Amino acid sequence: MKVGQPADLPKVSTPAAAASGAAAPAKKEAAATAASTASSSGVAVTVSTSVRSLEQANRGEAADIDTEKVNAVRQAIEDGTYVVNPEAIADKLLSNAQEMLNRTQN
């Protein structure tokens with residue numbers, strides 16, 4: 001067993017072991033196990049500069065939130081007086097769907 005590998009997970013076979021006749025289902029299971037282990041074992045992740053600039057821009061846009069409106073809606077929900085307009089929701093859903101269809105067609 002390798003250091004840091006949980007005892008209940010099977011070992012991941014090396015390419016040499018796979019070439020020596022390991023079964024295809026076993027390789028798939030080992031790859032899935034390796035992927036799940038990698039996601040929980042502190043694997044280094046790099047973030048592109050585009051994502052970093054978007055994150056910084058989003059931090060600056062926090063002032064665009066109308067906190068008074070948010071608090072009013074929150075209070076209405078707590079009081080049980082918030083009214084949902086199903087027609088407005090349906091219209092917006094249809095509008096968004098049409099916009100996405102137009103993007104894929106162009």
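This is a predicted model: local features need pLDDT of at least 70, side-chain atom pairs count only at pLDDT 80 or more; totals for chains, interfaces and linings use all residues.
Helix 4 (residues 67-79) has 13 residues, and the distance from its first C-alpha to its last is 18 Å, close to the 18 Å expected at 1.5 Å a residue, where the expected span is defined as 1.5 Å times one less than the number of residues. Helices here are DSSP runs of H or I with at least four residues, strands are runs of E with at least two, and both are numbered from the N terminus.

Residues are numbered from 1 along each chain as its sequence is written, and side-chain values use heavy atoms, with hydrogens and water left out.

The chain has 5 helices and 0 strands, giving the pattern α-α-α-α-α along the sequence. The predictor's confidence in each residue, called pLDDT, runs from 0 to 100; the chain averages 73, and 58% of the residues score at least 70. Confidence is highest in helix 4, at a mean of 95, and lowest in helix 1 (residues 15-19), at 46. Over residues 12-22 the pLDDT stays under 50, and for this stretch the model has 7 contacts beyond four places in sequence, a contact being heavy atoms within 4.5 Å.

Of the 106 residues in the chain, 4% are buried, where buried means under 20% relative accessible area, exposed over 50%, and partly exposed in between (1.4 Å probe, protein chains only).

| Residue | Relative accessible area | Class |
|---|---|---|
| Arg103 | 60% | exposed |
| Glu99 | 38% | partly exposed |
| Ile77 | 52% | exposed |

Ile77 lies in helix 4, and together with Tyr82, Val84, Ile89 and Leu93 it makes a nonpolar surface patch of about 510 Å². Such a patch joins nonpolar side chains (Val, Leu, Ile, Met, Phe, Trp, Tyr) within 5 Å, like charges being joined within 9 Å, from residues with over 30% relative accessible area and no salt bridge.

A salt bridge needs a side-chain nitrogen of Lys or Arg within 4 Å of a carboxyl oxygen of Asp or Glu, and by this rule the count is 1. Arg103 pairs with Glu99, their closest N and O atoms being 2.5 Å apart. Because Arg103 and Glu99 are 4 residues apart in helix 5 (residues 86-105), about one helical turn separates them.

How values were computed. Accessible areas come from the Shrake-Rupley method with a 1.4 Å probe; for residues, only the protein chains shown count as cover.
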